[in-house]
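Welcome! Please take a moment with the sequence and the 3D view, then try the exercises below one at a time.

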Amino acid sequence: MTTGAPTPTHPARPRRSRLRTFLPLGIAAWLVLEIWLLTVVADAIGGLAVFLLLVAGLVLGSVVIKRAGRRAFQALNEALQRGGTPSSGGGNGLMMLGGLLIMLPGLISDALGLLLLIPPVQKVLSAYAERTFDRKLREATAGSFGDAFQQARIHRPDGKVVQGEVIRDEPGDAPREPRPPLTG
């Protein structure tokens, strides 16, 4: 049964976001730059010194992450003992991100991680993130999480929308036949 509407010869593909387009290219460029910088520094100060620098970054990053996690846990405990919710993370999330960047092998990521450990930088980034989050929240349309899941579930990749409901019409006491084992 047709509705009289012509069927498209090619299904409409959703436009790819800029982030999905340029993120892999940006990560590849960052990795190439990190490797190049490590080789340049290794030529200048020696391979052993660069290796020790990378190990020191790993140790420092793990200490920073552990300390930030402990501070976040203590803040959560204190807030729960008062009977409230924790007000602000106090930069613990940014400290953890800074520690993770320090742990990654590379000098650029180390510099960015150390930059995230500076309290004024944390305040500026946290204020920016909060403003951005609030703006995105205001721009979002009303609806529940279930509505979003329902919308995501019924749209197929080829652009067709299939709405339906599955109803099983089996008596509750009917014997079930054994299913074959699942093999890959």
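**Exercise 1.** Find how the reach of helix 1 compares with the span expected at 1.5 Å a residue.

Solution. Keep in mind that this is a predicted model. Begin with the extent: helix 1 covers residues 18-45, which is 28 residues. Next, go from its first C-alpha to its last, a reach of 40 Å. That is close to the expected 40 Å. Just past the end of helix 1 sits Gly46, with a positive phi of about 105 degrees.

**Exercise 2.** Work out how helix 1 and helix 4 are oriented relative to each other.

Solution. Two packed helices are described by the angle and the distance between their axes. For helix 1 and helix 4 (residues 107-116), the axes come within 8 Å and cross at roughly 100 degrees. Angles of 65 to 115 degrees count as roughly perpendicular, so helix 1 is roughly perpendicular to helix 4. Now look at who meets whom: Leu107, Ile108 and Ser109 in helix 4 face a group in helix 1 that includes Trp30, Leu37 and Val41.

**Exercise 3.** Which residues does Val41 contact, leaving aside neighbours within four places in sequence?

Solution. Start by placing Val41 in helix 1. With those neighbours set aside, its contacts are Gly46, Val50 and Leu107. Take Leu107 as a case: 66 residues separate it from Val41 in sequence, yet their C-alpha atoms are 9.2 Å apart in space.

**Exercise 4.** Locate the salt bridge and describe its two partners.

Solution. The structure has one salt bridge. Its partners are the side chains of Arg135 and Glu139, at 3.9 Å from N to O. Both lie in helix 5 (residues 119-139), and because they are four residues apart there, about one helical turn separates them.

Conventions:
Residues numbered from 1 in each chain as written. Predicted model: local features only at pLDDT ≥ 70, side-chain atom pairs only at ≥ 80, totals over all residues. Heavy atoms only, no water. Helix = DSSP H or I, 4+ residues; strand = E, 2+ residues; numbered from the N terminus. Expected span 1.5 Å × (residues − 1). Axes fitted to C-alpha atoms, helices over the stretch in contact; angles between N-to-C directions. Parallel < 35°, antiparallel > 145°, perpendicular 65-115°, else oblique. Contact = heavy atoms within 4.5 Å. Salt bridge = Lys/Arg side-chain N within 4 Å of Asp/Glu carboxyl O.
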